[in-house]
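Visitor: Please display the model, and let us then discuss its ligands.

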Amino acid sequence: MAPIDPHSFTESTHPLTTHISLSLYFDFSSSTIHAAAILTLASPHAGPLSLDTRSLTIHQVLDPQTLTPLPFTLSPTDDPIKGRHLIVTLSDHSSVLIVFSTSPSSSALQWLSPPQTFNKLHPFVYTQCQAIHARSVFPCQDTPAARVRYKALINIPRQLSAVMAARHEDRRPPVAGETKAFGSSCFDFDYESLWCADGRVVEEFEMNQPVPPYLFAFAVGELGFREVGPRTRVYAESVPSILDAAAREFAGTEEMIRQGERLFGDYDWERFDLLVLPPSFPYGGMENPRMVFLTPTVIKGDASGAQVVAHELAHSWTGNLITNKNNEHFWLNEGFTTYAERRIVEVVQGEDRAVLNIGIGWRGLNEEMERFKDNLECTKLKTNQEGLDPDDVYSQVPYEKGFQFLWRIERQIGRPAFDEFIKKYIATFKFKSIDTETFLNFLKENVPGIEKQIDLELWTEGTGIPPDAYEPVSSLYSKIVSLANEFKLGKIPKEDEVADWQGQEWELYLENLPKSAEASQVLALDERYRLSESKDYEVKVAFLQLAISSSCKDYYGEVEKTLKEVGRMKYLRPLYIALVQGAGKDEEKILAKRVFAEARDSYHPIAQGVVESIFAKHGV
Ligand code: BES
Ligand code: ZN
């Protein structure tokens, strides 16, 4: 008996789940889902079966055929990373029914009360399951080694609608008796009459392609949509101005899908819809299949929104078709996707933009090396994550070192050969979950002699940046870096030098400035270019980070405002870290603590956890 994933209780000797059937009753008044799940296994199983759960109350475990109870135990305490181990005992069963409820603190779920939404009339709830939060929505073998098809019945108030990363089958009234097969009598209240109460509707979904549990996703709220392409709608809270802006921002999506298909093979997921979430969404984007989830901060009317879409779209091939077996091989998802994203961007936005992105990534990779100088394990592509929480070790390394590795192979064998290789790789492993060794073996088989030309072991197992990684050459990039270097000599760029800069140019400029500067010079830069007021959060946050590390207190009000209006961790992390890191930061630490206490409720639980671990690490 051995675990197959350091982040899951799943046992290698147990059959994996192949199908899950869910019935979910949403109780917004208590931020709880009362639910049941029927898990079907790849083969009949006798004896204990290990499942992952977190913050779930298990009411009963049953044989789905006979509805007779089956023995189960739930570990009495939480593993700090994996959650609670649920063991159900089967006797040659190939399926099991679990009746359960989520809790308001379920880590995948953010429940927004009406005042926390834009229209302020209705509540909103959505999931973020990657990396290991699906287990807080339903019990499962929460490892990407498992691939499941699923069905879901979602019971919600009639004023709301539901979307899922799955095919929408129906919206209809509840049917009396339909919850029986889901063990409705196991609740200590009358589930059936809640299910069928006036004013409730059922939305049915089906996902008939096998996906890892982290790609399970839904959102429920007062949703609207706009058509933006033949297979794309953009959904958001039903606010005309948001929907219109989103539709404009993502008008080029179909063109990107076509380019993706040309490069990587058919788009296999039928629809590519987009869902714009409230500002508290903790990521830029999440590649939920058929329906990508996005932060509203990407809607700003320049090229960068399309870039996030290009990235999440690229996951349709790399990540969703081919999936990392566990988080230790996360680079197979994100490194490949970063490479694929840049290939799409290169076609639709031009080579200059793509090279600039590589430059920004290169810079980020070098910063991560500095951040992890006392924790070299995190600088490897393939990492040992035993005892580590994926949300804590999240970094640019799998993205940018992974990108560099693939780019290195492309340089070695030439683009046409590499393009062919990638297409074959995707066709070979689609709908499979694989590890780094599988990739390397496939590479060596298909590119004979590659191991003599590139030190594959150094790239995948070694620490730091290999000597044959490559800093991109771009005149725009070099110009920006040299302007940033001149800042040290007291120079601020002239208007004509920055006349056609977009957000990304400013971002790169700010990131290349010294970590801290004279407060007066920071003020002078902002007086000229109003970076602290930028609508582009990338620019604003990069500037505010510089302001904090330069102890430029004039901006602390703006820092507070920013931390209270967005919950994207890409912005929360650097701002909170800048506030609490280093000696003699008493005032900043007090500020960080107060702002977090006031803003905590508006953050997604994953973001709450990440800020708390930043505080713990810095003794706040
Ligand atoms: N899959 C990731 C988001 C993620 C990673 C969620 C790990 C949970 C755990 C997504 O594809 C991603 O990388 N998003 C980026 C966008 C980007 C690189 C353009 C983000 O959110 O910043
Ligand atoms: Zn990604």
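Visitor: How do the residues of the shell around ligand 1 divide into nonpolar, polar and charged?

Guide: This is a predicted model. In it, 16 residues surround ligand 1, and Q130, G284, E287, E312 and Y399 are the closest. By class, the shell divides into six nonpolar, six polar and four charged residues.

Visitor: Which element gives the largest share of the shell around ligand 1?

Guide: The elements that contribute two or more residues to this shell are β16 (285-286), α4 and α5. The largest share is three residues, and its source is α4.

Visitor: Which residues coordinate the zinc ion (ligand 2)?

Guide: The donors follow the spacing H-x3-H-x18-E along the chain. H311 in helix α4 (residues 304-314) and E334 in helix α5 (residues 330-349) are 23 residues apart. At 1.9 to 2.7 Å, the zinc ion is coordinated by H311, H315 and E334.

Visitor: Is E334 buried or exposed?

Guide: Buried means under 20% relative accessible area. The relative accessible area of E334 is 2%, so this residue is buried.

Visitor: What is the arrangement of the six donor atoms around the zinc ion (ligand 2)?

Guide: Ideal angles for six octahedral donors are 90 or 180 degrees. Here the six donor atoms subtend angles of 53 to 159°, so the arrangement is irregular.

Key. Residues numbered from 1 in each chain as written. Chains lettered and ligands numbered in written order. Predicted model: local features only at pLDDT ≥ 70, side-chain atom pairs only at ≥ 80, totals over all residues. Heavy atoms only, no water. Donors = N, O, S within 2.8 Å, 3.2 Å for Na, K, Ca; no water. Tetrahedral: all angles 85-135°; square planar, octahedral: opposite > 155°, others 65-115°. Helix = DSSP H or I, 4+ residues; strand = E, 2+ residues; numbered from the N terminus. Buried < 20%, exposed > 50% of the residue type's maximum accessible area, 1.4 Å probe, protein only. Near = heavy atom within 4 Å. Nonpolar A, V, L, I, M, F, W, Y, C, P; charged D, E, K, R; others polar.
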